[in-house]
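Please walk me through this structure in questions and answers.

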There are 2 protein chains.
Amino acid sequence: MPDTIGIIGLGIMGKPMAHNLLKAGFSLVVQHRHQNITDEFVALGAQSAILPRDVAALCDVVITLLPDSSVVEEILIGPNGVIEGAHKDLVVIDMSTISPLVTHTLAARLAEQNIAMLDAPVSGGDVGAIAGTLSIMVGGDEATFTRCLPIFQALGTTIVHIGENGSGQIVKACNQIVVALIFEAISEALVLGSKAGVDPNKILKVLGGGMAANRAMELRGPTMIKHNFTPGGRISIHHKDLGIVLETARTYGVSLPVTAIVDQMFASLEASGRGNLDHSALLTYIEDLASYHIGEIS
Amino acid sequence: MPDTIGIIGLGIMGKPMAHNLLKAGFSLVVQHRHQNITDEFVALGAQSAILPRDVAALCDVVITLLPDSSVVEEILIGPNGVIEGAHKDLVVIDMSTISPLVTHTLAARLAEQNIAMLDAPVSGGDVGAIAGTLSIMVGGDEATFTRCLPIFQALGTTIVHIGENGSGQIVKACNQIVVALIFEAISEALVLGSKAGVDPNKILKVLGGGMAANRAMELRGPTMIKHNFTPGGRISIHHKDLGIVLETARTYGVSLPVTAIVDQMFASLEASGRGNLDHSALLTYIEDLASYHIGEIS
């Protein structure tokens with residue numbers, strides 16, 4: 001019989017992932033701060049629960065998809081947390097993007113109650129979550145990884161067991177560096193080319209056919225040109241992620257000069273009220289520097 | 001009858017492109033500073049010539065594939081240059097990466113002798129040049145573009161007429177921003193992940209399946225991990241290209257903070273004798289900052 005899975009957090013990523021688990025035949029128990037969202041899933045046959053410990057008590061596996069380290073900590077080991085619903089063979093899969101160091105601590109704390117934990121952050125954005133084509137990077141015990149593989153296979157197409165607890169989060173940190181810097185690259189290119197008089201659609205077309213081709217540009221380039229910054233991945237979340245990246249770099253003695261600058265750009269975008277825009281709105285930072293919007297004819 | 005094409009410059013890009021033109025049935029006249037290279041093509045049925053004006057006199061179309069603006073200037077309008085071999089319907093296609101501003105001047109100067117010019121820089125690296133899958137961005141008169149289309153089709157798969165003379169070079173500048181910043185992104189990610197204890201091959205695998213996927217990582221990620229920096233595109237050339245990018249940005253009033261930093265990294269790599277390595281050797285700059293090589297186990 002397939003596992004009963006608890007999902008805590010039904011946001012931009014969690015909601016489509018929950019749908020894919022239902023489609024794959026898993027029984028779900030959902031928990032989210034807005035009841036209208038859980039009601040949608042109850043109408044599709046899922047159960048809902050209010051307290052994380054109740055979700056845990058009802059499930060074989062609990063998946064958390066939450067905004068940051070402190071929320072994951074609270075949900076897993078805080079009052080009424082998952083840890084209080086511990087039972088034989090319970091597995092926690094944290095698919096949030098949080099600190100690798102916090103992940104280490106949480107996994108150790110849960111292990112004291114015989115709860116196995118995997119860190120399994122994802123990449124691929126809302127588009128990948130909807131299509132079930134996420135890239136999933138998993139840290140933790142290999143046997144637990146193997147036991148949970150059918151769950152991952154319902155959600156993604158690239159599923160890699162990286163190593164010990166926290167290693168999934170380290171790879172996610174690497175991923176967030178690359179995605180942020182690629183958006184920066186596209187932004188600098190589009191502003192230069194457009195202000196120099198070239199149709200930005202032609203820039204996307206040519207760059208997409210050569211060495212500069214990349215998935216972020218393919219998915220987001222056309223919406224960047226239209227200044228459509230509906231998320232997708234929010235600036236506030238990616239800024240939080242780069243905080244984790246830089247904290248991890250500090251811990252391991254690594255210097256990341258460009259990531260540090262793009263982190264500061266995200267900080268400025270948040271400060272100016274753009275935190276809820278898609279991370280591709282990094283474009284607007286570069287536009288502001290040039291006092292230019294790429295829709296204009298130069 | 002297909003055109004007779006002159007090719008001036010048979011380097012990493014020019015040589016495989018000349019082979020593809022031969023395969024497509026064009027007659028070639030080749031010119032290069034090393035005779036052993038031109039001899040190879042003579043053995044395959046091409047003619048060779050020493051002076052650019054002689055190449056021009058023998059051909060319908062002259063293609064230049066040269067290292068920088070000053071060499072292109074010298075070959076086209078210098079003593080014994082292409083301009084001295086001017087004849088009815090001669091077309092010059094400059095496929096080098098040079099300054100859009102210099103391109104403008106050259107096109108105007110050639111037009112005085114009734115020579116039409118296209119700027120048609122390419123992207124896709126030596127791999128794309130060999131496979132005939134280059135991305136080609138073309139500036140200049142539309143009728144001349146159409147006349148030369150069969151030539152471009154022998155060399156690439158993405159062929160876009162951008163606009164007036166120089167606009168191809170502007171898009172190439174955009175391309176070089178994106179490629180440089182993507183190598184920087186991969187470098188920062190690989191050094192962080194590896195020094196934090198993760199197998200860099202797993203980083204490439206996961207990132208390649210998600211939002212961070214990009215062609216430069218696909219082609220060069222595995223060789224970066226092995227510290228195989230055989231070019232491909234040289235640091236010295238890409239550094240020159242970023243000089244063009246920053247000059248163009250200065251002309252049009254655009255601020256490119258991250259491109260400016262990566263340009264300085266290339267400057268330092270050149271200063272330390274790494275100019276002839278592939279541009280993916282940006283990795284070694286980030287490794288140096290962390291006093292770490294990604295082959296090591298941390």
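Q: How many cavities of 30 Å³ or more does this predicted model have?
A: A cavity is a set of points on a 1 Å grid over the protein atoms alone where a 1.4 Å probe fits but cannot get out. Volume is the space filled by probe spheres set on the points, which are joined across faces, edges and corners. By this rule the count is 1.

Q: What space lies in the largest cavity?
A: Its lining (residues with an atom within 4 Å of a point) includes A:Thr97, A:Gln169 and A:Asp241. The space in this cavity is about 30 Å³.

Q: Which helix of chain A gives the most to the lining of the largest cavity?
A: Helices are DSSP runs (H or I, at least four residues), numbered from the N terminus. Helix 8 (167-195) and helix 11 (235-252) each supply at least two lining residues. With 4 residues, the most comes from helix 8.

Q: How are residues numbered, and which pLDDT limits apply?
A: Residues count from 1 along each chain as written, chains are lettered from A and ligands numbered from 1 in written order. Side-chain values use heavy atoms without hydrogens or water, totals for chains, interfaces and linings use all residues, local features need pLDDT of at least 70, and side-chain atom pairs count only at pLDDT 80 or more.

Conventions: On a 1 Å grid over the protein atoms alone, a cavity is a set of points where a 1.4 Å probe fits but cannot get out, and a pocket is an open set with protein on both sides within 12 Å along at least five of seven lines; lining residues have an atom within 4 Å of a point.
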